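Let's take a walk through this structure together. Have the sequence and the 3D view open as you read.

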Amino acid sequence: MGKIFLRFLKYTTMTLLTILVLLIVLIFLFLKFSPEFGAAPDQDSQARYQQLPYYSNGKFSNLIPTNMDMGTGKAIRMLPEFFKNDPTRKPDFEIPIEKRDSLELSHPEATRLVWFGHSAFLLQIDGKNILIDPMLGDVPAPNPLLGKKRFSKELPIEIEKLPKIDLILISHDHYDHLDYGSIQKLMGKTDRFLVPLGVGAHFEHWGVDKSAIQEFAWWEETQIDSLHLAFTPSRHFSGRGLGDRFSTLWGSWVIQASEENIYFSGDSGYGPHFREIGEKFGPFDFAMLECGQYNENWTDIHMAPEETAQAAVDLDAKVFMPIHWAAFTLAMHSWTDPVERVIKKSKELNAPVFVPKIGELIELSSELKTQETWWVKP
């Protein structure tokens, strides 16, 4: 009986070790060869970055001290809380989505936007079609098993039906802002990609021609026909894989057209850069400001809703829209907490806030007022 048990124990141990080795091999192969992780900037690029005051030893840094204690170990320990089945973290009803078609998106007469949820937008301005942070996939992760799905079952319009895209603007390389699958579908209908320093390496790795990519440092500007664009600072970080945190730059975008002046925050903790951007490029007709996926463990890199409202004041924005919510669960707060808190604070600060439905045509020439509390269950 004892020999049988020992043979069983030996067989079980060998089986478990074999499975463990196979898992390690699979994880290694996934990390090394999966295209979703992109590529690192080459040595020539890194040598150029060394001239910048916010780059050293292969890493970019924020303009002011920023707490990044949320390391890999702590993140792993928080995983059970993150994946906890909390019903408040996602809608328990179908979010209303306004559908758009190809015909109505052709030849707009005035500046307008379509929100895809989270931080993704189609901006139609001065005859240009611009996509901003087009994460249009289902899961903001390098593999569907590593993240939670989008709240809504469909997009306002599928990528294949979008009009030809003149520009794609990227704020940083995190998965909820830069999606490999979306870029693969957009490559054939996009002329130009404007990205932070280092992010161009991802696009080249994915097959985008180098001539179509333009990289930007903070405060760099460019003129494209009637549009003036500036890449401005944010307080955040970057990285798509193990060991590449801070290897590419992150930031926000200013888009100045013949009549409108627009600001897109990307991801950012609160800081003095908002006032500095407002003084240099403001006032803004419309500001899209991060408001969601915050937590007490990462207060320096994501704003609380009250800070979002204050950032709108700092920027001198005529009206602002809370973004970075209503699509994915990336933090532990309820899914409506961002909009409820930012509306309350905006009233205190007398900062006009606009909360459109996903897919709604946002016409900047019209008075932007929230028409309904669509995030409240009917």
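## The cavity

Arg89, Phe151, Gln293, Trp325, Ala326, Phe328, Thr329, Leu330, Ala331, His333, Trp335 and Pro338 line the largest cavity. Here a cavity is a set of points on a 1 Å grid over the protein atoms alone where a 1.4 Å probe fits but cannot get out, and lining residues have an atom within 4 Å of a point.

Searching the whole structure turns up 1 cavity of 30 Å³ or more, and the volume of the largest is about 60 Å³.

## What you are looking at

This is a predicted model, where local features need pLDDT of at least 70, side-chain atom pairs count only at pLDDT 80 or more, and totals for chains, interfaces and linings use all residues. Residue numbers start from 1 along each chain as its sequence is written, and side-chain values use heavy atoms, with hydrogens and water left out.

## The sheet

An open, mixed sheet is built from 7 strands in the order β8-β7-β6-β5-β4-β3-β15. (Strands are DSSP runs of E, at least two residues, and helices are runs of H or I, at least four; two strands pair if DSSP finds at least two bridges between them.) β8 (213-216) and β15 (361-363) sit at the edges with a single partner strand each, so one side of each has no neighbour in the sheet. From one strand to the next, the twist averages 20 degrees.

Zooming in, β3 (residues 112-115) and β4 (residues 121-125) run antiparallel over 4 bridges. Arginine 112 has glutamine 124 in β4 as its bridge partner.

## Aromatic pairs

The whole structure holds 25 aromatic pairs. (Rings of Phe, Tyr and Trp, its six-membered ring, pair if their centres lie within 6.5 Å; planes under 30 degrees apart are stacked, over 60 edge-to-face, and the rest tilted.) Tyrosine 49 and phenylalanine 60 have ring centres 5.4 Å apart and planes at 45 degrees, so this pair is tilted. Tyrosine 49 is in helix α2 (residues 43-49) and phenylalanine 60 in strand β2 (residues 59-60), so the pair ties together parts 11 residues apart in sequence.

Tyrosine 54 and tryptophan 218 make another tilted pair, 4.4 Å centre to centre with 35 degrees between the planes. Tyr49, Tyr54, Tyr55, Phe60, Trp218, Phe237, Phe246 and Trp250 form one aromatic cluster.

Key:
Axes are lines fitted to C-alpha atoms, for helices over the stretch in contact, and angles run from 0 to 180 degrees between N-to-C directions. On a 1 Å grid over the protein atoms alone, a cavity is a set of points where a 1.4 Å probe fits but cannot get out, and a pocket is an open set with protein on both sides within 12 Å along at least five of seven lines; lining residues have an atom within 4 Å of a point. Grid points are joined across faces, edges and corners, and a volume is the space filled by probe spheres set on the points.
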